[in-house]
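Work through each task before turning to its solution.

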Amino acid sequence: MMMTTPDLLEFEQLKLLLGRYVSSPLGRELLARLSPSAARPELEATLAETGEAIEYLRAASRPQPARRGSAVRLRFDSVPDPSEALARLRIEGAVLDAGQIADLTALLEAATEMRRLMESVGGTLPRLASRAQRIGEFGWILDEFAGKILPDGAVAGHASPELARLRKELERQRRLIQESLERFLRLHREDGLLQEEFVTIRNERFVVPVIAGRQKRIEGVIHASSGSGHTLFVEPLETIELNNELVRIAEEEMREVHRILRQMTARLRECLPAIGDTAAAVAELDLLFGKAQFALEFDCVIPRFSPPGTRRLSLKAARHPLLQDILRRRGKPVVPVTLALDDDTRTLLISGPNTGGKTVAMKTVGLAALMAQAGLPVPCEDAEMPLFRQVLADIGDNQSIQESLSTFSAHIARIREMLEAAEDESLVLLDELGRATDPEEGGALGIAVLERFRQAGAFTLASTHLLALKIYGAATPGVMNGSMGFDEKTLEPTYVLRLGAPGKSAGLDIARHLGMPEDLIEQARARLGTQQRDIAAFLSELHRRLEQATVLERELGELRESLASAERGLANKWAERETAKLKELERRCDLVLERFEAQAREAIEKAAAGLVSRKSSASAMRQVGRLKRELREELETTVLAARDESRQGELARPKIAEGMVVRLQGVREPARVRRMLSGGLIEVEAGFLRLQVSPDEVLEVMPPGAPPARPQRVSFDPAPLPSAAVHEINLIGQRAEEAREQVEKFLDTATLGEISRLRIIHGHGMGILRRMVAELLAGHPAVEKFYPAGDSEGGTGATIVELKG
């Protein structure tokens, strides 16, 4: 992929920002080589892996029980840099030092743990598990090296039996020398030879401090003197042989350590290819999880690449990550950019006030394209873009004193290069097109340049203040105007990109806001031509109306979502109602079966007690089992039939037409359909009410001849007040559904008759009627409260109901 002047789009600064989340030297080295690519399969695979890494980090941040398959955050900050050790390992015959072996061992231990963690989530995150397969199996070599290298980089004494023996001899020899010198110190303590009474080491030999000038009184070898020259460090004659023996043993120890390191190096050299692959895999995992952590910190999404035949450049609420990072530290929000271009409309002209965010908007789009094609998540809510082979940018002032280029010359030279390179798979970004020259000529030149890029098939974003380009954007198919928002009240830019209309530059307003003298601003306004003032006023009015349209569109979207939510709620209620019916039917079937089993068990117990013979008892048992099976089959058939009828009723509901009588949800009285309204609604008349409802609220279409709804403007006289005989109802012996209808009618009659207290007799039995009555009363709008009757009124076999006044 060709990316011209990448510093203009701040891709390298983005990599520095991403480096905060890459911990290991291996990962940072890989990040330094990161660059955009145009290889679609590799990019899509990388982005899919990044998506899995994001899901892994989200899972790791949630509280979860410790078990196999749980996500555990990977640590890369403890992974050492193995580059030097690997380079030395490639040299045949070279021996690694203990520190280099310790670095490779730490790398292999960390990689082995990463492989274990990635394999444990292979069921849900298969790409991460596949990535982990590149890490080799090093359990055997880690077991062999375990504990041989100490944390300080020294070879442990138990690395070999010979080394352990030599270490013991060294310790014994040092102890003999120490004892010999301590005897020497005690012997000469009183003769004034010693500067101080202690044993020290100089040139790897044990010595004692002697006063300068008195060394001739002691037989021995002088190894060093103090900085002041007042003290000489002397090895007494009697310890020379002991020190010589110590040096000999130490040399043998060094040879044994070298032998151990050579042996360990040879073992590592056998695994050199696998170690190299593992180091590369760890680097890739570090970068991968660094990208995932960056995505979580900056609210990024995984971008999509549009198919070649239907190219789209669509960004929703995109943010420039560097700007977002700066504003976040200041506690300020970043204003996102939303735009959409496609093959039919590939050119966007952005106009608006100075310091209004035009350049930032273009940089945001350009950097988002580079990030997507570098396999990075993009900071926005949604991102789809073509796969570009080139990103060409002319942003900022490119004047050069060394090359004798003015601002306009540098601008033209850069555009010439871009025109030569542009093709249909290019993204072109032009800042202040046609600047630094006469506005009329600059506008004409800018139109010609945009036409050339448009004919090449490139996606183009350009910012401008020139009227000719704004008119070109409004009059040319395939070109769209866009404007950066400006608040007329505060005279400050809003940084909001609005598509569909050009913006005004508001140069005088910005100058006033930045402190220019008021009288100077007024003089400048007086010098504006009538046409320019009219255009500025027209653009202000256009933006005001666009703002109103945007508000209305947002409110309409909210209303549409509210209606859709209500529709989903009605569908859920219908499903819940049907499910409740089935559960009630199944519950009744279970009660019938339980009652049958109890009766059958009682008959069997009587038979077992001797009333019938054992043979008859066994026969009765078989007969009971047969009857039970037949009864269950019959009941299951009933349940399935009821469910099928319910579904068929729902599917076969006739089409609603004017004049039909329907039953509505939440309305007790039947309603007549008056007319069909736009938007799928229907107008119905229920009693004195005229309603507009959705067809989903129609529970039932009444058959022809059903009683119509009460028409308007008719008189209504309630029936005479009920007598005391209707203050109670007896449900004993009725089925639950039949009893429910009786109770509902009873409550309606009592409400019309202004009765305040009722008694419902349901008996004891198995409690079915009592529970049904309680459920019905609990949800009835006319019921104030209800409770079991007193002993004189039937006790728990009846329920007292008090109605609302």
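**Exercise 1.** Determine in which order the four strands of the open sheet are arranged, and which strands form its edges.

*Solution.* The order is β2-β3-β5-β4, with antiparallel pairing, where strands are DSSP runs of E with at least two residues, helices are runs of H or I with at least four, and both are numbered from the N terminus. Two strands count as paired if DSSP finds at least two bridges between them. The edges are β2 (200–202) and β4 (220–225), each of which pairs on one side only. With direction ignored, neighbouring strands of this sheet are turned by 50° against each other on average. This is a predicted model, in which local features need pLDDT of at least 70 and side-chain atom pairs count only at pLDDT 80 or more, while totals for chains, interfaces and linings use all residues. Residues are numbered from 1 along each chain as its sequence is written, and side-chain values use heavy atoms, with hydrogens and water left out.

**Exercise 2.** Describe how β3 is joined to β5, and which helices pack on these strands.

*Solution.* Strands β3 (residues 205–211) and β5 (residues 231–236) run antiparallel and are joined by four bridges; Val208 has Val234 in β5 as its bridge partner. Helix α8 (residues 161–187) packs on the sheet and touches β3 and β5, its direction making about 15° with that of β3. Contact here means heavy atoms within 4.5 Å, and angles run from 0 to 180 degrees between N-to-C directions of axes fitted to C-alpha atoms, for helices over the stretch in contact. Helix α9 (residues 240–270) lies across β3, β4 and β5, running at about 145° to β3.

**Exercise 3.** Classify the ring pair of Phe388 and Phe459, and explain which parts it ties together.

*Solution.* A search of the whole structure finds five aromatic pairs, a pair being rings of Phe, Tyr or Trp (its six-membered ring) with centres within 6.5 Å, called stacked if the planes are under 30 degrees apart, edge-to-face if over 60 and tilted otherwise. The ring centres of Phe388 and Phe459 are 6.1 Å apart and their planes stand at 75°, so this pair is edge-to-face. Because Phe388 lies in the loop between β10 (382–385) and β11 (390–394) and Phe459 in strand β13 (residues 459–463), the pair ties together parts that are 71 residues apart in sequence.
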